[in-house]
Amino acid sequence: MSEAAVTLTTPGSSLTVRGLKENVHRALLRLATGPVTFEELLRLLPLSEHGRFRALMDRVGHLLAHGIVLHGREVMRVERTAREAVYDVCEPAADHMVRLSRFAFCRSHAERLVLESPLCKVRILLITPQIRQLVSELGSPRCVGDVVVDGLDHCEILEALGHLVGAGFVEAGTAEAECREDDAALSQWDFHDLLFHSRIRTGRFDAPVGGVFPHRGTIDPQPAVKPLPDGAVMDLPRPLRSDIAVRDPSLTTTIEGRRSLREYGAQPLNSQQVGEFLYRTGRVRVHFRPDEDAEPGGEIVGRPYPNGGSAYELELYLTVSRCTGIDPGIYYYDPVGHRLVLVNADSRERDAMLTVASLSAGMAGRPDVLITMTSRFQRMSWKYSGIAYATTLRHTGVLYQTMYLVATAMGMAPCGLGIGNADLTARALRLDYLSESSVGEFILGSRPDQEPLTWASTGGWMYVNDAEWAEQAASELKRHRSRAADHDKGQLTTPNSGHTQPSSET
């Protein structure tokens, strides 16, 4: 008898089975045509092949969907989203309470309504209106005996609930209190956080993840360098590498001396400091353009901080409140031309941006300079599936640390923020929320006149592993700032290597 090979494929994985006999091959092809009972498949095989076929079904089980049939009608279909997904049908007693898990949700998938949960390793297709009604009835705790669905008798309801409970989409208990997900670990997960965690890591979801270029051939990629917005332009001073080498502290001193500071000195930052800070953290250093006949998506740039795939989707905007040499306003930082572009001069929107930043930082006053990090999301999602937004957040964290270290080395007062208003930001920066939106905020100011203290040995603080390094670093940074002030006194370097303040132009 001839032998054949079959490749079984799902959106997230595939498996090639070789050396199949013709009748086994025929049984697998029958699986591809639609729902079929296992007994019907066995009838296609001689009795001597039944054992091997059962073993094969166990091997490819993660690629199969299982229909739930009530009185000859398929009402639900169970699809594994993880290779090892199994569950036991668990029909609750008539006096048990049942309720939909707070982590379960319905969405449209492959033109069907499906039930999913970050706690479950299967999805359930809700095929019939009766099953969809049953799920909707479970939004609040119900006694099993009180659940009534048009078109389903009590036994059918019990059988359907058995799958929903067994798979983990529905909680069941002898009293309402036992229906609550009161596990200490689980109760501290928000729905969206757990869903996000389950989707950006492999293991319990079957969608493609990683650099699979899901939109190649259908949508053009975004350019590596954002086109400049309209507005008045201000060139920023460029630092000299030799000057930085003379005054910068060591990396260890900078790391140990880093602090989040929310108070500022009487003397504000100036345009030269802001220019150096942006040059060292956000400028474009190199720009690669592939040949015109190359595959799209190959255009990349390089900046001072690491970035997955060199996509560099993050953009920087400055909301300036107090800075010598830069008028108050909201600016876009041009990372190629090293200049600021005024995008919004409205004082009300500027004040709103600074107020949100103050509240996030827990400050009494306002930050001198607010740096808003936005993401041009499609720079990531054109290439990466499933992890695009998560990777953008990783990039944001990397840029936070880069900014902290540069600001500390330069003697500034830095502070990364944990929350911002993306809708306000989209309005104030004149952005489309879905195309480019804020993902991080960082505030800057001049170092406070009163040097901040390190941890006090009283009040609960315990020195564990060389905490004295931080105290030593604080002293070293203070000396570095004093030497840098002497070195930089009277030096203001423009992009043309002159010695005048930068000018504004349109």
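Start by selecting Ala110: at 63% relative accessibility, Ala110 counts as exposed (exposed means over 50% relative accessible area, buried under 20%, and partly exposed in between, with a 1.4 Å probe and protein chains only). You'll find Ala110 in the loop between β6 and β7 (112-116). Strands such as these are DSSP runs of E with at least two residues, helices are runs of H or I with at least four, and both are numbered from the N terminus. Now check the backbone: Ala110 has a positive phi of about 50 degrees, although it is not a glycine. Most residues other than glycine have a negative phi.

Before you go on, know that this is a predicted model, where local features need pLDDT of at least 70 and side-chain atom pairs count only at pLDDT 80 or more, while totals for chains, interfaces and linings use all residues. Residues are numbered from 1 along each chain as its sequence is written, and side-chain values use heavy atoms, leaving out hydrogens and water.

Next, jump to Tyr312, in the loop between β15 (300-302) and β16 (314-320). Its phi is also positive, near 45 degrees. Is Tyr312 buried or exposed? Tyr312 counts as buried, at 5% relative accessibility.

Which element gives the largest share of the lining? That's β3, with five residues. Colour the lining by class and you get 22 nonpolar, 16 polar and ten charged residues. (Ala, Val, Leu, Ile, Met, Phe, Trp, Tyr, Cys and Pro count as nonpolar, Asp, Glu, Lys and Arg as charged, and the others, Gly among them, as polar.)

**A covered strand**

Now select β23, residues 436-446: eleven of its eleven residues are buried. Show β20 (residues 369-376) too, which pairs with β23 in the antiparallel sense over eight bridges; strands count as paired if DSSP finds at least two bridges between them. Along that pairing, click Met373, whose bridge partner in β23 is Gly440.

**The cores**

Select Phe277, Leu278, Ile326, Ile371, Phe442, Ile443 and Leu444, the residues with the most contacts inside the largest nonpolar core, which has 57 residues. Such a core is a set of buried Ala, Val, Leu, Ile, Met, Phe, Trp, Tyr and Cys residues joined through side-chain atoms within 4.5 Å. Helix α13 (residues 388-409) gives the largest share of this core, six residues. Apart from it lies another core of 32 residues, including Leu115, Val144, Leu164 and Phe169.

**Last stop: a three-strand sheet**

Finish with the open sheet ordered β9-β5-β10, where the pairing is antiparallel. The edge strands, β9 (142-143) and β10 (170-173), each pair on one side only. Two bridges join β5 (residues 97-100) to β9, and Val98 has Arg142 as its bridge partner in β9.
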